[in-house]
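Trainee: I have a model open and some questions to ask. Can we go through them one by one?

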Amino acid sequence: MDGMTQHQSTQTMKPATAAKKLGVYLEATPADFREGVVSRAELNALQTDPPQWLRDLRRDGPHPRPVVAAKLGVSIAGLARGGVTEALTTEQIETLKEQRPEWLERERTTQAEVRKEAARIKQRNAERAASGD
């Protein structure tokens with residue numbers, strides 16, 4: 001007999017952790033999800049074969065700030081500087097993209113510069129590593 005499987009405990013996580021891993025806004029999930037615990041197996045099942053509520057949330061929102069930031073092409077701090085502190089729906093995100101407020105354009109530019117600088121540093125470090133410095 002394999003003694004390891006007999007004593008294996010089920011890993012569980014808080015609903016907030018599971019929601020973060022699923023990329024959804026916790027407050028918009030069903031009550032039974034928010035009020036329980038989620039096992040690793042349940043999380044895997046949700047990721048592999050998402051129920052309708054999860055598919056709807058991922059498509060329509062409301063989305064948590066990291067997802068909103070990614071969809072808008074800005075940082076989470078940039079969202080805050082732009083006054084966005086709440087979860088947004090897909091429709092609200094699309095409206096912002098169409099309206100292109102000044103803060104969004106500024107934060108997108110900043111984010112592009114940050115990515116460009118990160119790429120430059122990565123390239124420089126790779127060159128240093130290759131030359132043996």
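This is a predicted model: local features need pLDDT of at least 70, side-chain atom pairs count only at pLDDT 80 or more; totals for chains, interfaces and linings use all residues.

Mentor: Residues are numbered from 1 along each chain as its sequence is written, and side-chain values use heavy atoms, with hydrogens and water left out.

Trainee: Is Thr29 buried or exposed?

Mentor: Thr29 sits in the loop between helix H2 (15-22) and helix H3 (31-35). Helices are DSSP runs of H or I with at least four residues, numbered from the N terminus. Buried means under 20% relative accessible area, exposed over 50%, and partly exposed in between, with a 1.4 Å probe and protein chains only. Thr29 has 2% relative accessibility, so it counts as buried.

Trainee: How do H2 and helix H4 run, roughly parallel or roughly antiparallel?

Mentor: H4 covers residues 40-48, and its axis is 11 Å from that of H2, at an angle of about 30 degrees. Axes are lines fitted to C-alpha atoms over the stretch in contact, and angles run from 0 to 180 degrees between N-to-C directions. Angles under 35 degrees count as roughly parallel, over 145 as roughly antiparallel, 65 to 115 as roughly perpendicular and the rest as oblique. The angle therefore makes H2 and H4 roughly parallel.

Trainee: Which residues of H4 meet H2?

Mentor: From H2 come Ala18, Lys21 and Leu22. On the H4 side, the partners are Leu43, Leu46 and Gln47.

Trainee: Is Ala80 buried, exposed or partly exposed?

Mentor: Ala80 belongs to helix H7 (residues 76-81). The relative accessibility of Ala80 is 42%, so the residue counts as partly exposed.

Trainee: What distance separates the C-alpha atoms of Leu104 and Glu127?

Mentor: Leu104 lies in helix H9 (residues 102-131). At 0% relative accessibility, Leu104 counts as buried, and it touches Leu72, Val74, Leu96 and Lys97, not counting residues up to four places away in sequence. Glu127 is 23 residues from Leu104 along the chain, and their C-alpha separation is 34 Å.

Terms used:
Helices (H or I, at least four residues) and strands (E, at least two) are DSSP runs, numbered from the N terminus. Contact means heavy atoms within 4.5 Å.
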